[in-house]
Amino acid sequence: MSTPATPPIDLRSDTVTRPTAAMRAAIAAAEVGDDQYGEDPTTARLQARCAELLGKEAALWLPTGTMANQVALRVMTRPGDEVITPRESHAAWHETGGAAANAGVQMVEVGQRGLFSLDELEAAIKPTGLPVFPPTTLLQIENTHNRAGGIVLPQAQVVALCARARERGLGCFLDGARLWNAAIAGGVAEAELAAPFDLVAVAFSKGLGAPGGSLLAGSRALIQAADRHRRMLGGAMRQNGLFAAAALHGLDHHRARLVEDHANARAFAEILAPCPAVRLELASVQSNIVVFHLADGAPDASAVVARARADGVLLNAFGPRLVRAVTHLDVSATQARDAAQRLVRLLAG
């Protein structure tokens with residue numbers, strides 16, 4: 001008999017996790033009803049709990065983070081509007097042009113590595129009174145910022161940006177798909193991180209290990225509007241308590257342990273950073289994401305990803321010479337270090 005192959009160490013994303021046995025038990029035991037009629041008690045419990053956690057009046061479950069972002073745009077803008085977003089934001093880079101197709105808006109990217117200044121915000125706001133310009137109506141911030149390596153945005157800067165946006169008549173939306181990570185990494189409660197924003201999105205299928213689902217939280221009026229747009233996009237579901245039970249289990253049992261993912265990402269990065277083929281700023285490793293550049297003379301990202309796969313490590317190419325690794329519930333400390341060591345050997349060879 002052949003020996004089963006060792007499963008690869010999967011660092012492609014924190015979305016690759018499988019529900020734990022305890023989460024599966026919670027799903028199986030979930031009390032359910034028809035959520036389109038507002039009769040799913042587990043979904044109602046999840047929405048109420050997250051509204052409280054995020055310091056908002058109401059909340060709405062959605063199937064995916066992309067849909068949450070797209071619904072937020074439809075609620076807070078009109079077709080032809082302009083949205084200011086950090087450079088390389090998820091909404092601008094990883095939603096297949098949905099902002100244009102679904103909301104009819106254009107995205108203006110500012111700053112670098114998830115951050116920008118008040119002056120950069122002011123410069124991006126289109127002058128009013130000139131009919132050739134689209135109206136700038138929304139500021140969208142991503143925390144943690146995925147392509148910048150999971151950095152946690154300084155809350156004082158976020159508060160200042162949102163305050164200036166309001167002064168200029170803009171709404172404020174937070175793409176907080178990994179807000180749970182930001183809260184753990186920065187030691188700031190989710191409600192405080194969400195406070196400067198009108199509408200906030202969070203995900204359950206990333207750090208919390210649920211098999212799917214995201215959520216929007218905001219005022220009752222905004223959530224009522226979001227519910228309508230969720231229906232338009234086909235996101236209203238029926239016995240949704242199965243997903244809601246997984247999310248509630250993740251909140252109860254997987255949120256505090258995110259500190260382990262952050263420590264594993266740091267250990268991975270510390271092994272990889274001295275490698276001459278890699279350019280990696282350790283200061284950028286603040287949560288569970290490690291984004292590193294390949295130095296001149298090293299193979300390109302697609303070649304490194306292919307060779308790593310052959311050696312049992314799964315990664316994502318984020319650009320021609322840019323690679324991302326993400327730690328999560330299904331990657332142990334030993335596996336994180338082992339994966340980094342395999343990469344160093346691969347790049348050295």
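Leu46 touches Trp61, Phe204, Ala244, Ala247, Leu248 and Leu251, leaving aside residues up to four places away in sequence; contact here means heavy atoms within 4.5 Å. The model is predicted, so local features need pLDDT of at least 70 and side-chain atom pairs count only at pLDDT 80 or more, while totals for chains, interfaces and linings use all residues. Residues are numbered from 1 along each chain as its sequence is written, and side-chain values use heavy atoms, with hydrogens and water left out.

**Nonpolar cores**

- The largest nonpolar core has 50 residues, and Leu46, Leu139, Ile141 and Phe204 touch the most other members.
- Helix α11 (residues 241–253) supplies the largest share of this core, five residues.
- Another core, of 31 residues, lies apart from it and includes Ile9, Val323, Ala325 and Ala336.
- A nonpolar core is a set of buried Ala, Val, Leu, Ile, Met, Phe, Trp, Tyr and Cys residues joined through side-chain atoms within 4.5 Å.
- Buried means under 20% relative accessible area, exposed over 50%, and partly exposed in between (1.4 Å probe, protein chains only).

- The whole structure holds 18 salt bridges, each a side-chain nitrogen of Lys or Arg within 4 Å of a carboxyl oxygen of Asp or Glu.
- In the salt bridge between Glu122 and Arg164, the closest N and O atoms are 3.1 Å apart.
- Glu122 lies in helix α6 (residues 118–124) and Arg164 in helix α7 (residues 155–167), so this pair ties together parts that are 42 residues apart in sequence.
- Glu122 is partly exposed at 24% relative accessibility, and Arg164 is partly exposed at 23%.
- Arg166 pairs with Asp198 in a salt bridge whose closest N and O atoms are 2.9 Å apart.
- Arg166 sits in helix α7 and Asp198 in the loop between α9 (190–194) and β7 (199–203), 32 residues apart.
- Arg166 counts as partly exposed at 39% relative accessibility, as does Asp198 at 24%.
- Helices (H or I, at least four residues) and strands (E, at least two) are DSSP runs numbered from the N terminus.

- Arg266 and Glu270 meet through their side chains in a salt bridge of 3.1 Å, N to O.
- These two residues, Arg266 and Glu270, are four residues apart in helix α12 (residues 258–272), which means that about one helical turn separates them.
- Arg266 is partly exposed at 32% relative accessibility, and Glu270 is partly exposed at 42%.
- A network of salt bridges links Asp35, Asp227, Arg230 and Arg231.
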